[in-house]
Structures are given as C-alpha cells and as structure tokens.
Amino acid sequence: MIKPFIVALGLGTVAFAGPVQADTILPEYEAQARAADPSFSGFSAERGQAFYLKDHATGKAETPSCTTCHMGNPTQAGRTRAGKTIAPMALSQTPDRFQDVKKVEKWFRRNCKSVLGRECSPQEKGDFITFMKTQ
Amino acid sequence: MGSYKKIFFALTLTSLIGTAAHADERYRPVQDEVVKKECGSCHMAFQPQMLPKRSWQKIMDGLENHFGEDASLDEATLQHVRAYLTDNAADSGWFGGKMMRGVRDNETPMRITELPYWVREHKKEVPVWAWSDPKVKSKTNCQACHRDAERGYYDDD
C-alpha cells in the first residue's frame, strides 16, 4: 500500500512543480519592460533570435556573442571556453530552463556583461526567453 | 560476526596500504556543495590545495573579469566560497604541497596551469599536439585526460 502512495505523491510533485514556476518569469520581465517603456507591446521571438545570433563584441574580447559558448542552433549542447558541456538553451531540449528566477538573473547579469559589456534590459531578456520557448 | 570483522579489518588495511602506495597525485576532493556548484559551472571546481591563499584571494577579488568572463557572485556566496578556498589552500596546513614548488613568496600565481610543477609534469608526458585536440579545447579541462580529476585523482597518466 505504501509504494503506490509514494509513487502518486512523486508524480503529483513533478506535475505541480513544473508549470507554476515556468510562467512566473516572463510576466515579471513584462512588467519591468512596461514600466521602462509604456509603449512596450510584447516580447518577440524574432528579436530574441537576432539578439542571440548577433556579434555584439561590446563586452570582453573573449566572448563577442552568445554563440561563443552556446550553439548557433540552440537545440544543440554548447560548450564553455574551458571545455565543459552546456545543456541546450532550447526549452524543447532542456525543459527546466528559465524556471529558477535567481539562476536566470545570475546568468543574464554575468553573460550580458561578458558579451555586451552591460546588463541586459527586461525586454532583451524577455525576447531571449520567448525565442528559446519556440525552439 | 567474527569473520565479518576480520574481513572488514583486512579490507581497511588493504585500502590504507593502497592509499599510501599511490598517494602521489591525489588531492582532497571539493566537499562543499556551494563551492562545487559555483566554481564548477564553467570549469571543473579545482581542488583548493592547488593554489596558495594569496592566489585565491586575488581570484575572488577579480570575479568581474575572471579570465575573460564575468563570474561575479552575490556577497554572501562570495564570502562562502572565499572562506572555503583559503581555508583549504596549498599553504593552509603544515604541508605546502608539491604544487608550490618553485613558487616564490612574492609571487601570486593566477593559473594552476602556470605553476612550475604543473608545467614540468605536463611537459614530460603530454605531446604538444594533444593540447589542440578539440576534445581538450583548454588546459583548464583537466577531465579531458584525468577522468577522475573531480575526485582529486590525477594518477592516471
């Protein structure tokens, strides 16, 4: 009797933990984007894609673009400059991406500074995630 | 019960002898979960015994430009990682360790791969072409050749 109960509990936790957090991060960036620019009209996967593929080269010389470490095709695994594998950015391949707000903010802060030499705007972050959701 | 105890004793003894006999290139693995996660995202979390305290201090002071990338941390995490690295640094105990051979007191090495001992050991055994193998990519990638590097085991050469 105990075993089925534990299994049911486990399934319940998985089903519950997933979607709740995934949907909190984009509305948060949307609110920030709207506060920064009242004419903001929603995130764009196309803008996100262009941003992802662009050769920014305004940050550190070693990291001119997102694709220095992530792959041009975000469904493929990337690689850090030190040789470590990075799980694909595409949500279809790595479904637990963009769920943990602290983690997402930490990596946007670091990587935007490395690649662009500044922090990213809420719109850039939202576009980026919107693009990865389509991949 | 008696025979179990005997077997256990024999196994313990064997492993102790084994450890003593092969204790050449072994380092205490990183035990701290925060350090493992924060130092191990982009590269392997290197064992702190491989650099002196002053090096870890300088590295932790400069995370905004960490070998060409921003690796900054929030203040609480930074202090936690800094404490672990300096508490377990090469010069934290009574034994400086061979990694410190040839490092002068007034020098603050910033890369393990530039320590005289590291350079000498790898020059002896690694052909130059091996470094440009795409599977290696960087000298920072210990595990490309030392498969158990994360567990502090570097004797597999």
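This is a predicted model: local features need pLDDT of at least 70, side-chain atom pairs count only at pLDDT 80 or more; totals for chains, interfaces and linings use all residues.
First, the ground rules. Local features need pLDDT of at least 70 and side-chain atom pairs count only at pLDDT 80 or more, while totals for chains, interfaces and linings use all residues. Residues are numbered from 1 along each chain as its sequence is written, chains are lettered from A and ligands numbered from 1 in the order written, and side-chain values use heavy atoms, leaving out hydrogens and water.

Let me start with salt bridges. The term means a side-chain nitrogen of Lys or Arg within 4 Å of a carboxyl oxygen of Asp or Glu. Over all chains, the count is 14. The general idea is simple: side chains of opposite charge can pair when their charged atoms come close.

Take chain A. A:Arg118 bridges to A:Glu124, with the closest N and O atoms 2.8 Å apart. How accessible are the two partners? For that I use relative accessible area: buried is under 20%, exposed is over 50%, and partly exposed is in between, with a 1.4 Å probe and protein chains only. A:Arg118 is partly exposed at 37%. A:Glu124 is buried at 16%.

Next pair, still in chain A. A:Lys113 and A:Glu119 meet in a salt bridge at 4.0 Å, N to O. A:Lys113 has a relative accessible area of 31%, so it is partly exposed. A:Glu119 is partly exposed too, at 42%.

Over to chain B. B:Arg82 and B:Asp61 form a salt bridge at 2.8 Å, N to O. Which parts does this pair tie together? B:Arg82 sits in helix α4, residues 75–87, and B:Asp61 in helix α3, residues 53–61, so the bridge joins parts that are 21 residues apart in sequence. Helices here are DSSP runs of H or I with at least four residues, strands are runs of E with at least two, and both are numbered from the N terminus. B:Arg82 is buried at 16%. B:Asp61 is exposed at 54%.

Now the interface. Contact means heavy atoms within 4.5 Å. On that basis, 23 residues of chain B touch 15 residues of chain A. About 1600 Å² is buried between the two chains, and carbon and sulfur atoms give 39% of that. Buried area is the accessible area, 1.4 Å probe, that two parts lose on being put together, summed over both.

What holds charge across this boundary? Two salt bridges are counted between chain B and chain A. A:Arg81 and B:Glu69 meet in a salt bridge at 2.7 Å, N to O. The side of chain B that touches chain A divides into seven nonpolar, nine polar and seven charged residues. Nonpolar here covers Ala, Val, Leu, Ile, Met, Phe, Trp, Tyr, Cys and Pro; charged covers Asp, Glu, Lys and Arg; the others, Gly among them, are polar. There is also a network of salt bridges linking A:Lys106, B:Lys37 and B:Glu38.

Last topic, backbone angles. Most residues other than glycine have a negative phi. Which residues of chain B have a positive value? B:Phe67 is one of them, with phi near 55°. B:Phe67 is in the loop between α3 and α4 of chain B, and is partly exposed at 32%. B:Lys137 also has a positive phi, near 65°. B:Lys137 lies in the segment after α6 (128–131) of chain B. B:Lys137 is partly exposed, with a relative accessible area of 39%.
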